[in-house]
Amino acid sequence: MKAVVMNGIGGAGMLAYVDGPDPVPGAGEVLVEVAVAGVNFMDVGVRQGMAWRDMPDPKILGVEGAGRVVAMGDGVEGFRPGQRVAWVYAPGSYAEKVVIPAGALVAVPDAIDDRTAASIMMQGLTASHFATDFYPVQPGDIAFVHAAAGGVGLLLTQIIKLRGGHVIGRVSSNDKAAVAREAGADHVIVEAEGRFADEALRLSGGEGVHVVYDGSGPATFQGSLDILRRSGTFCWYGPVLGGPGPLDIMSLPRSIKIGYATFFDHIPTPELLRARTAQLFDWIIDGRLKVRIGGEYPLAEAAQAHRDMESRATTGKLLLFP
């Protein structure tokens with residue numbers, strides 16, 4: 001079996017395309033042939049030593065994808081060989097085959113292709129959680145979305161619009177601005193230095209936004225605080241670019257609410273995973289949610305996919321094909 005492993009902490013050059021034995025499913029597990037694997041900033045974080053430190057190297061990267069069931073371990077019900085499935089947070093997904101706990105799998109409808117299924121799991125579930133649980137967007141709310149042309153940002157923008165909200169997006173280039181507008185952003189601010197607050201306040205009528213979604217690292221933290229209205233909500237996410245440092249809670253302005261969103265809290269049970277995924281699939285089938293694929297790479301070129309993602313020049317979802 002071919003797979004991409006990391007041989008140690010470091011840059012994309014630490015990734016290697018190797019041969020290895022096929023995995024074998026244990027009790028409660030399913031062996032899946034991978035059709036498409038998703039690339040996420042989390043994978044970059046693992047490569048940089050921010051997670052999975054207790055797993056020895058070399059280890060196979062990747063947590064997300066779509067494919068077909070090959071075999072099942074003892075006690076698995078509800079799946080059958082040949083069935084199309086997708087998954088999220090199954091370590092080892094940069095491979096031709098992967099063993100996945102049955103609770104992390106969802107059935108893929110016939111109307112959803114493998115590329116779309118693999119693209120929607122991590123980033124779609126994240127965006128769904130942000131706009132429905134972390135801050136339930138209400139009609140008329142104004143949301144500020146950083147990296148609005150990225151994989152999460154594009155889906156988040158669309159879900160906010162589905163819930164009746166307005167979106168101010170921030171992107172780093174004019175090309176990305178067009179992509180964000182296509183997803184439904186009402187206003188787009190083009191800037192890459194963290195100087196967006198004045199324009200965001202102007203666009204929100206001087207009162208500030210109801211919610212800001214910020215996964216852009218410490219350079220944007222203060223600006224995100226500055227654009228929130230009284231009792232606004234700050235959703236901070238994405239550890240790869242680092243945190244803002246220690247916070248004095250008594251210095252937070254305007255009675256704002258601030259929190260750090262982690263993926264395991266988005267879908268803490270298999271039942272919620274399947275319910276939220278079903279909603280995303282329904283929106284896609286109905287044409288109300290569109291997935292933008294920004295790059296496709298052979299599995300052997302995973303290192304290049306990482307370099308492209310880290311360059312911040314890509315839009316949408318990056319995918320690997322075994």
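Where in α2 is the kink centred, and what is its angle? A few notes on this predicted model follow, starting with that helix.

1. **The kink in α2.** The answer is M121, where α2 has a kink of about 50°. Helix α2 covers residues 114-134, and at 1.5 Å a residue its 21 residues should span 30 Å; the end C-alpha atoms are 29 Å apart, which agrees.

2. At the N-terminal end the cap is D113, with a side-chain oxygen 3.0 Å from the backbone nitrogen of R115.

3. **The antiparallel strands β3, β5 and β6.** Strand β3 (residues 29-39) runs antiparallel to strand β5 (residues 64-72), and seven bridges join them.

4. **Q83, a loop residue worth a look.** Is Q83 buried or exposed? Q83 sits in the loop between β5 and β6, and its relative accessibility is 9%, so this residue counts as buried, the cut-off being under 20%. A polar atom of the Q83 side chain lies 3.1 Å from the backbone nitrogen of R80. Leaving aside residues up to four places away in sequence, Q83 touches G67, R68, V69, G78 and A107.

5. **The parallel sheet.** Six strands form an open sheet with parallel pairing, in the order β11-β10-β9-β12-β13-β14. β11 (187-190) and β14 are the edge strands; each has a single partner strand, so one side of each is left without a neighbour in the sheet. From one strand to the next, the twist averages 15°.

6. Strand β10 (residues 166-171) pairs with β11 in the parallel sense over four bridges, and R170 has I189 of β11 as its bridge partner. Helix α4 (residues 174-182) packs on the sheet and touches both β10 and β11. The direction of α4 makes about 165° with that of β11.

7. **Loops on either side of β14.** S255 belongs to the loop between β13 (228-236) and β14. Its phi is near 55°, a positive value in a residue other than glycine, and S255 is exposed at a relative accessible area of 56%. T269 lies in the loop between β14 (257-260) and α7 (270-285) and counts as partly exposed at 34% relative accessibility. T269 and P239 are 30 residues apart in sequence, and their C-alpha atoms are 23 Å apart in space.

8. **Two further backbone details.** Which peptide bond is cis, with omega near 0°? That bond runs from D57 to P58, and P58 is in the loop between α1 (41-47) and β4 (59-60). R312 has a positive phi, near 65°, again in a residue other than glycine. R312 occupies the loop between α8 (302-310) and β16 (317-321), where its relative accessibility of 31% counts as partly exposed.

How values were computed
Residues are numbered from 1 along each chain as its sequence is written. This is a predicted model: local features need pLDDT of at least 70, side-chain atom pairs count only at pLDDT 80 or more; totals for chains, interfaces and linings use all residues. Side-chain values use heavy atoms; hydrogens and water are left out. Helices (H or I, at least four residues) and strands (E, at least two) are DSSP runs, numbered from the N terminus. The expected span of a helix is 1.5 Å times one less than its number of residues. The bend at a residue is the angle between axes fitted to the seven residues ending there and the seven starting there. A polar contact is a pair of N or O atoms within 3.5 Å; within protein, one must be able to donate a hydrogen and the other to accept it, and residues adjacent in sequence count only if both atoms are side-chain atoms. Two strands pair if DSSP finds at least two bridges between them. Buried means under 20% relative accessible area, exposed over 50%, partly exposed in between (1.4 Å probe, protein chains only). Contact means heavy atoms within 4.5 Å. Axes are lines fitted to C-alpha atoms, for helices over the stretch in contact, and angles run from 0 to 180 degrees between N-to-C directions.
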